[in-house]
Amino acid sequence: MSGEQQYVDLIFRASKKFANWDPENHLEVGDWGRLTTGRPRWAFWRPKRCVFVKEGNIYRDKIAEKYGIPSPRLLGEENPNGLTWVTSLNARDMDIPTNMGKQTPELADCSVKVGFQFVSGGGTAVLLMVNDSVTTIDPATALSRLLGEEALRDCVVVSETHRCASYACYLTSSRTKDIVIGLSSQASENSSSTEVYPKWVRTNRTGYFKGKADNSGERKYYPLYKLVSVRSDGGNTGRRSLENTVDGEAPSEVLPLPSALPPWMSSA
């Protein structure tokens, strides 16, 4: 399993959401398409890499209007400087030692920081988001109406996205026992300007780390999203209930569409 695949796998098992290996890739609620593992002959995809291939958007394609699916709701705007995180199941929050600033002096300048302890061997995944907001479709059962749309048969739909101003992704090595990660804001050393340039700081250099820090406050990264499968698996009553929809509300017996699975899980 590649590093990207392992990172996606660990975050999905903990959250039932897909970690975006390239958070700068723009995603919107309502995007629909397919999941693929890619093909070796396509140079821009690695073998066995999980890729969401967008084919359209239910709002721009007028599909949402056709089935009375409500517009997405935005949550979490009230905490512009907060730090949120998602970790794999083998990570635990850790109190930050008082002497950590001596070991890694840059941590003293971090406005936000958090520590994690890893309780078992093997890989561990951590995703940090600053100024995170969630866009979602409410109620989730509304998407069951898409079972009547032939064009979306066996496709997946983005039902929820996380957007943030800064992000950090970390995949540990088997030797890593703990880490503290913080976001530091410092003025440029070679400039008289008072403008600050945030950067991620961490206590451990093992494993794989990638991140972007931005001082604009603009939510332009998409590190996490949820996919649902447009399929009838026998347990979803959405198809037979479509004609019973009243005043745009889904009947009480309609279940949400099932969460989409990474290809290596669905084929297991």
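Select Lys 16 to begin: the residue is in the loop between α1 (3-15) and β1 (18-19). Helices (H or I, at least four residues) and strands (E, at least two) are DSSP runs, numbered from the N terminus. This is a predicted model, in which local features need pLDDT of at least 70, side-chain atom pairs count only at pLDDT 80 or more, and totals for chains, interfaces and linings use all residues. Residues are numbered from 1 along each chain as its sequence is written, and side-chain values use heavy atoms, with hydrogens and water left out.

Stay on Lys 16. Its phi is near 60°, a positive value in a residue other than glycine. Most residues other than glycine have a negative phi. Lys 16 is partly exposed, at 47% relative accessible area; buried means under 20%, exposed over 50%, and partly exposed in between (1.4 Å probe, protein chains only).

Next, select Lys 62, in the loop between β3 (51-57) and α2 (63-67). Here too phi is positive, near 70°. Lys 62 is exposed, with a relative accessible area of 53%.

Now go to Pro 139, in the loop between β9 (133-136) and β10 (156-164). The peptide bond from Asp 138 to Pro 139 is cis, with omega near 5°. Most peptide bonds are trans.

Finish at Glu 149, found in the loop between β9 and β10. Glu 149 is buried, with a relative accessible area of 12%. Leaving aside residues up to four places away in sequence, Glu 149 touches Ile 63, Lys 66 and Tyr 67 (contact means heavy atoms within 4.5 Å). Show the C-alpha atoms of Glu 149 and Ile 63: they are separated by 8.1 Å, while the residues are 86 apart along the chain.
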